[in-house]
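Here is a short report on nonpolar cores and aromatic contacts. Keep the structure open while reading.

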Amino acid sequence: VSAALNSRNAPIPVLQTLLNFTEFLEHEVTLTGNGAQLFIAQREAAETIDESDKIGRLLKQLKTLPVYPHMVGGDPPPPQCHSPVSSPLINAEEIFDIEVLARNALNCLLYAKALRYKEIKFLKLVEGYKRVHSQPPQVEKIDPALVRATEDPEIWLQICQDLIDCNHRLDLSESAIGIIRFCQHNLHRLGIASIDEFLAGAGDVLEKLNRWDDALKVYETRLAQEPKSLDNLLGVMRSLRALGEWGRLFQVCEDKWRVADDYTRQLLAPMAGHAAWILSRWQFLGKVTEYMDKTTDPTAAFFCSILAVHNAEYSKASELIDQCRKQLAPALAAYVSESYDRAYYSVVQLQLLSELEEVIEFNKSRDLLEGSRVEEASPGVKVLGGLDERRDQLRHVWGLRLKGMQLHVQYWEEVLAVQSLALSPIENMNSWLKFSNLCRQSGKPKLAQTTLINLLTDDLVASYKDKTFRPSVLLTARNALPQVVCAYFEHMWGVGEKTEAFSLMSEYVAKMHASATPALNSLKAQGYLTLGKWQQQLQKDCCSNEAKRKVILSNLHMATTLDPGSYKAWHAWALFNQKIAERLQKKKALPEALLPYLVCAIRGFVQSISLCSSDISMSVQDILRLLTIWFNNGVLDEVAREVNLGMNKISTEAWLLVIPQIIARLQSPIPSVSEGVSSLITRIGQAHPQALIYPLTVAAKDTGAGLSILESMKGHSPSLVSQASLVSDELIRVAILWSEQWYEGIEQASKAYFVGNADAMMSVLNPLHNMMQVTETETEKEFLNQFGSDLLEAHNWCKQYKASKKQTDLNKAWDLYYHVFRRLNKFQNLSTLELASVAPQLVKARDLDLAIPGQYRAGEKPPCIRSFAPTLKVIQSKQRPRKLTIHGSDGNEYAFLLKGHEDLRQDQRVMQLFGLVNNFFLYDLETARRDLSIEKYPVIPLSSNVGIIGWLEHAETFHNLVADFRKAKKMYLNYEHRLMLQMTGDYDNLTLMQK
């Protein structure tokens, strides 16, 4: 394997196989004795086999290795197999050259593997450095070469650059920055004064850190010093391309192209072609493609296809598109093997090719409709409707695709450049405006500004190029589109020119308002909304100052008037009214002063929630704000009346997201609130009984109001109510068995007994005695047979103590309890529970109408409970939860964690919080680009101390993680407890502060 990896002639697929094999050998696997002998024999024979035969024979022999199911997670090998070699078989550092593995991984585009091998080398250097500089130094068992390497700054800098490079290729910018921070904190010990000095001359490292402005300065400085340096020239071009400064990049390319030789033109061609394509310099693009390899380079084939489309050579363009797809296949296959993120740009390139084909079809249709000459009269061309209809269809489809793409400037720009071959930027204006906003948020304000300028009239574009453009001219520009003008003022605000932007936007909105053009109402509303938001940022005391808040409220109210269907307008208006009310409440204002703002806030939130029917998740914040106003101010008649009116306008689906908050207010001390909540829950129960049945069953155990609503549900869903009660009661029974309840009860009672508080002790144990009056399962009957007599005798001694007050009676009772406690200890280590013994009613429960917990979705038929798995696994963690499996009516199995001793209503709220955070992640540029989200799972409380949680595969308990770690480190598992006992012998009786 090592010899093959060092071969210069090994094909990429062979190298990929060998790299996977070396990684496989490092893992905790075993090979049979014959397999190990074959591996060793191959190593010994490597020097004598011809290079070409070596790889072929190696692969054949690798295929003959006996592989057993246990090698991929199956059962152990059968007894007749050869005894295995000790695991793991090899260590990559001992058998293979790490540098060779890393180099081959890079050549195969397996950057994750390359990063791992570089990290191995890095960690080895770090460990060596620690040993060399420890007190006393531990250098006896270290390779002398490693000792020298730890003191060589060049080696450290090289490995750090390699790590930065690999992280950059994997788009792990945070990790790359982490390497820089490591250098800053540690490399000064090696004689490097400052990492900034290192970065000041390392343009390539700055590139990989996405510090393109700094990289451009470095390369420009170097290029001024060495005008003939090709590396610096290419660095300048890469920086300009990353910054989106296509005009400057094209100018550099055009200037250098005239004097460059053929070799230099081949290096310049990809970036020069990109600039020419974006700027529509078709003649220059034709020149550039002559110096690109069209047979192997997909970029060359793509540029040629773009040029062919522009020249209406559609058959040639189609052939080039097919050729480009074939050339993209190897890279796509390599990237997909690592992750979708790694393959994403290749997927974008395929999308570009698909949209280029759509451009061809559209252009053919357009040429036919306009009577133009097409390259060939193609009988296969279908003219779909009128040209305007087809244009609208393309605009809609392309807009949806852009909406689903990652928020990356390069991807959007290339897609829009392809689309511009069919739709001009004015025809596709909304997409270009979104692109401009994306550029500004991505830290590329110049590209954002250029994009907006190009959407203006020719004379304004010319003045911008002449550097005579002034934003104020947009107020009087005749043919400038209002959408673009407003977007330009928003751009000014985004780049920090806030005062001027506000002034210009105010004038322009007033000008638009003076025109009686209904088509501009939506844009006017957006303008007033923007002014209202900007005023809140410019005027920090706007909620307290009556004059200022009147102006802001006027702007926001005008936005809702001009565009009643705008969610953003209603949301902003309601939110500002709520802020004013909260500020006045802090100042102890009278209810009469609060009321107008509270009523307006309620109306605004009702409208915004109603307008979110297509995406209910967006309305969660508004629903919670509405509930807050209602619950806190429901004592005011006007507030209660306004809420009741608004409820009828909000769909019942919207309330499903906040059912826990609504049910929690069933016992509100404010009559109007409790009555309104009961009415709302009843309405939800009629429309969505499956969504309400579990939380309402819990509420029925605690509140009379919940029980009455549950009884009313029997009128329309009788089987659902009875099945939910049965399942809930039986699962509660399974969650905490009698043996566990008594074990914990006696343990808790002991704390009261040893401090002489007999009443507290009996208050803990009496409910457990009462529980034993009725037995329903085999497990309960068995418990009663084993412990019933002792517990009954102990209870009698407690009663006798209550009458006599003799300590001896209490001591006799406690001796019996303690005897039971010791016998119960063995019951705490159960690994499985049979459902027939602990909950026979669940075994009989089959083909229920009740939905699988957590699977109900409004508008969809949920999977229902078909049956319960007959065995439950007991998880060996502190509370001993059970793994429960439910068979669904859709044929799937649903696993849950049945957990006792904990109020899962808190966990349920946390899941709601995670949902809100995930919404924030969707609309934040950095988190959306990384596709970040918090994993959510169903949480269904069954009572105040029992519930079920959706099972997460491949998860581990914190207890096991800590136990495994401490076992490996040869530490006591209860290390902290031992430390505490050294400080005090009576920890349980300490006060909270002492603990």
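The largest nonpolar core holds 203 residues, and Trp277, Phe302 and Trp655 have the most contacts inside it. A nonpolar core is a set of buried Ala, Val, Leu, Ile, Met, Phe, Trp, Tyr and Cys residues joined through side-chain atoms within 4.5 Å. Buried means under 20% relative accessible area, exposed over 50%, and partly exposed in between (1.4 Å probe, protein chains only). Domain 2 (733–828) and domain 3 (837–955) both give residues to this core, so it lies between them. Those bounds come from an automatic or database domain assignment.

This is a predicted model: local features need pLDDT of at least 70, side-chain atom pairs count only at pLDDT 80 or more, and totals for chains, interfaces and linings use all residues. Residues are numbered from 1 along each chain as its sequence is written, and side-chain values use heavy atoms, leaving out hydrogens and water.

The whole structure has 25 aromatic pairs. Rings of Phe, Tyr and Trp (its six-membered ring) pair if their centres lie within 6.5 Å; planes under 30 degrees apart are stacked, over 60 edge-to-face, the rest tilted. Two pairs follow.

| Pair | Centre distance | Plane angle | Class |
|---|---|---|---|
| Trp493 and Trp534 | 4.4 Å | 0° | stacked |
| Tyr753 and Phe754 | 5.1 Å | 75° | edge-to-face |

Trp493 is buried at 9% relative accessibility, and Trp534 is buried at 6%. Tyr753 is buried at 14%, whereas Phe754 is exposed at 61%. Trp742, Tyr753, Phe754, Trp814 and Tyr817 form one aromatic cluster.
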